[in-house]
Structure formats: C-alpha cells, structure tokens
Amino acid sequence: MTTTTRTHSAAPAAEKIKQPKAVWAVAFASVIAFMGIGLVDPILKPIGEQLNASPSQVSLLFTSYMLVTGVAMLITGVVSSRFGAKKTLLAGLAIIVVFAALAGMSSSVEQIVGFRAGWGLGNALFIATALATIVGAASGGVARAIILYEAALGIGIATGPLVGGLLGGVSWRGPFFGVSVLMAIAFICLVVLLPETPKPAKPTSITAPFKALRHRGLLVVSLTALFYNFGFFTLLAYTPFPLDMGTYAIGFIFFGWGLMLAVASVYFAPALQRRFGTLPMMGLALALFAADLAVMAMFAEHKPVLIVGVVLAGLFLGVNNTLITEAVMISAPVERSTASAAYSFVRFAGGAAAPWLAGKLGEHNTALPFWVGAACTAVAVLVLLGGRSALAHIDDHDPEPHSVEEAQAITVGD
C-alpha cells in the first residue's frame, strides 16, 4: 500500500505563507478551537478544590462537552448545507464566546458542566466547516491549504494544555475567559475578512449518518473508537487527579502529550502506514496504548511513571487517531462527510460516560480507572480484529495527495 507523505518542500517559503487574510483569520480561529481539547486539563483539580466537587463531578466537564459534540456532528452538515459555511462558522464562534465566558463566571461545577455542553455545540459547528472554508479561500491549491490547516490543528492541540496551565495559574477561570476573548477576536476577523460562501446544491439529510452505520466496516471502526475512547478520556480527564501537581506542571505535561500527538499524526502515521499497512498499525497502536495504561495502573502512586505514560500515550494516540479516521472515510460506500458524522456520533456520544466513570472509580481506587481504560482499549483491539474482514479493502486504497478527506480524518480523530 502507498500513501502520500505530508511534505511541501517544493514551494518556496515565501509562497507558503502568502494567503488571503480570510484564510489566516480562519486558521487563527482553528488554533483556538483545537486548544479547547486539552485546555481544561490543568484546572480540573483546582476547580474541584475551590468548588467542593469530586473528581467524577469535575470530569463531567468532558462528558457534557463530548456528548453534545457527538450529537451535534449529526446536524452540522444539515446546518452548513442550508445556511452556508460563513454563517455556520460565525454561529459556532459566537456560541463558544458566550458559553466559555459563562463557564468562567460560574459559581458551581454544575454550571460549568452545562456551559461546557454549549461550548461543545459551538465547537462542532465550527470544526465541521473550518477546513472547507480554508480550502475554498486559500491560494496555491488544496495541498497548501491542507498544510496550513494541519499546522493549525497541531499547534492548537499542543498548546491547549500549556495555555490552560499558564492562565490557570492565575485563576481556574482564566482559561475560560481567555478562550472567550480570543474567539471574539476571531469572530470579528471573520465578519470583516471572510466573504460569503455558496451553499451546496443539495442539502444534507439528517438521517444519512444512521443509514451509513448499516455498513459493517463503518460500524466496526466506530465501535473500535467507542471502546478506546474509554482509555483516551481516562488519560485526559482523570490523570490530573493522581498526578496532584500544580496547574503549570500539569500544563507542561499535557503539552508534551499534545506535541507527541500532533507529531505522530502528521509525520509518524503516514510513514508507518506506508511500511506496515493501516489495519496492522491501528491494532499495534491500540495495543501499545492499552499496555501504557496498564503500566500506569501498576504504578499509579508513582508520579514519574504517570508523567512518562501520559507523554508516550500521545505517540500511540496520534498514530491511531489518524489511521482509524482515515479508515472511516473509506470504510463504507457513502459520502465521506456522512461517514465522518456517523463515526463521530458513535465515538463521542457513546463514549461520553468515560470521563465520569473514570472519576467515579478513582474516588475508590487510584489505579482502577487505568485498569478499566486498559481493558476497554484491549476490547477495541478485539473488535478491530474481529471485524477485519469487513475492512480488508482499506489497505488496497491509495489516497489522494493532500486530500481534504485526509485532513478531515485527522480533525475528527483528534
């Protein structure tokens, strides 16, 4: 099997950065949107301490965000196809501005959980249309637009925990207000700089994602992601509690995780995919992640082991997220946006209980959430192996260089 390498050495450096202002405005907003993934990690423990909330209650910040994001992914195509990309982008940004600010003004963890749900809706509307907008407005072809988008994604994922730690060092409210202000700036930039975009000729059907899950290949990949999500969000939502460190320290640790995830997504995944194939590398990456969580469970009282485990997990998750979501795009004979929506719904909405469960188990035994996360990730490997006959065609697929679908896959995965 062959895939493309994400390289762009052919274009002179000056040409790479020559883009319309509208493209840079969307790219800036994309960085802030992707920062939201790990932004709250460093402030989970301070929120619990200052608002008298248990780990399971604080972990609901992830649960509400995931649940609404997963459900909202079913309607983003419908909204965008009827109102256009610009209106959809602006609606997503406006919702994030409002709900991030409200989260910062909250006086109870229940309020923050509710406002994070609203944030999830805004984020779903934004990320579902940001890529298409950048591709449509960029100069120099699709490849250069994809490179810019992937750069925004990587920067956002890597810097989210770092910014959360720095602002959270002042107050746990800081990251929420910071996102609100930055997204407000992005909103103004898009209003001024981004021209109206044409609507698709044919509106998207809201039932299409459900029909797509009838295809066994897509269902297998979606269920695989659902199970490993329990391991993923155990790492993300629970680990700050046994680490029991300051906001700056947690921010830097998860910055390392995000950096490894971004590098593995963009560079390691394509190289390993070319050499070993998609399905074998997906299975290996998941197995290594399960083993990583098991080691963290065995040494849950040893902070150095947890720190190394978190950072290493970024490598395994970066490889898996890219490959599994590329597989989504070709796992069923349906439109790729439809496959993406169906996958996102199963993965996020189905796995929304994972952060709460990890927090609840951790209140009784420090190591138990890691054991459960490892076991669920191992089940994901078994599901993938059991359904490999329905995915046999994936390793015969030769994707287009720098395709929009390639970048969409990485976005959905991360």
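A polar contact is a pair of N or O atoms within 3.5 Å; within protein, one must be able to donate a hydrogen and the other to accept it, and residues adjacent in sequence count only if both atoms are side-chain atoms. Keep that in mind for two of the stops.

This is a predicted model, where local features need pLDDT of at least 70, side-chain atom pairs count only at pLDDT 80 or more, and totals for chains, interfaces and linings use all residues. Residues are numbered from 1 along each chain as its sequence is written, and side-chain values use heavy atoms, with hydrogens and water left out.

**The whole chain**

Show the protein chain as a cartoon. It has 18 helices and zero strands. Both are DSSP runs numbered from the N terminus (helices: H or I, at least four residues; strands: E, at least two). Of the 414 residues, 58% count as buried. Buried means under 20% relative accessible area, exposed over 50%, and partly exposed in between (1.4 Å probe, protein chains only).

Now colour by pLDDT, the predictor's confidence in each residue, from 0 to 100. The chain's mean is 82, and 85% of its residues reach 70 or more. Select residues 1–16: here the pLDDT is below 50, yet this stretch has 41 contacts in the model beyond near neighbours in sequence. A contact means heavy atoms within 4.5 Å.

**Stop 1: Ser 56**

Select Ser 56 in helix H4 (residues 55–83). Its side chain and that of Ser 54 are joined by a polar contact of 3.1 Å. Ser 56 is buried, at 3% relative accessible area. Beyond four places in sequence, Ser 56 is in contact with Trp 356, Gly 359, Lys 360 and Glu 363.

**Stop 2**

Select Asn 52, in the loop between helix H3 (44–50) and H4. Is Asn 52 buried or exposed? It is exposed, with a relative accessible area of 71%. Check its backbone too: Asn 52 has a positive phi of about 55°, although it is not a glycine. Most residues other than glycine have a negative phi.

Jump to Asp 244, in the loop between helix H11 (240–243) and helix H12 (247–276). Asp 244 also has a positive phi, of about 50°. Asp 244 is partly exposed, at 43%.

**Stop 3: Ser 106**

Select Ser 106, in the loop between helix H5 (85–104) and helix H6 (109–137). Ser 106 is buried, at 1% relative accessible area. A polar atom of its side chain lies 2.9 Å from the backbone oxygen of Leu 102. Its contacts beyond four places in sequence include Trp 172 and Arg 173.

**Stop 4: Leu 190**

Move to Leu 190 in helix H8 (residues 174–193). Leu 190 is buried, with a relative accessible area of 0%. How far is its C-alpha atom from that of Ala 22, 168 residues apart along the chain? The separation is 6.7 Å. Among the residues that Leu 190 touches are Ala 22, Val 26 and Leu 93.

**Stop 5: a cavity**

Select Phe 230, Thr 234, Ala 354, Leu 357, Ala 358, Leu 361, Pro 369, Val 372 and Gly 373, which line the second largest cavity. Helices H10 (216–238), H16 (353–362) and H17 (368–386) each give two or more residues to this lining. H16 gives the most, with four.

A cavity is a set of points on a 1 Å grid over the protein atoms alone where a 1.4 Å probe fits but cannot get out; lining residues have an atom within 4 Å of a point. About 40 Å³ of space lies in this one.

Notes. On a 1 Å grid over the protein atoms alone, a cavity is a set of points where a 1.4 Å probe fits but cannot get out, and a pocket is an open set with protein on both sides within 12 Å along at least five of seven lines; lining residues have an atom within 4 Å of a point. Grid points are joined across faces, edges and corners, and a volume is the space filled by probe spheres set on the points.
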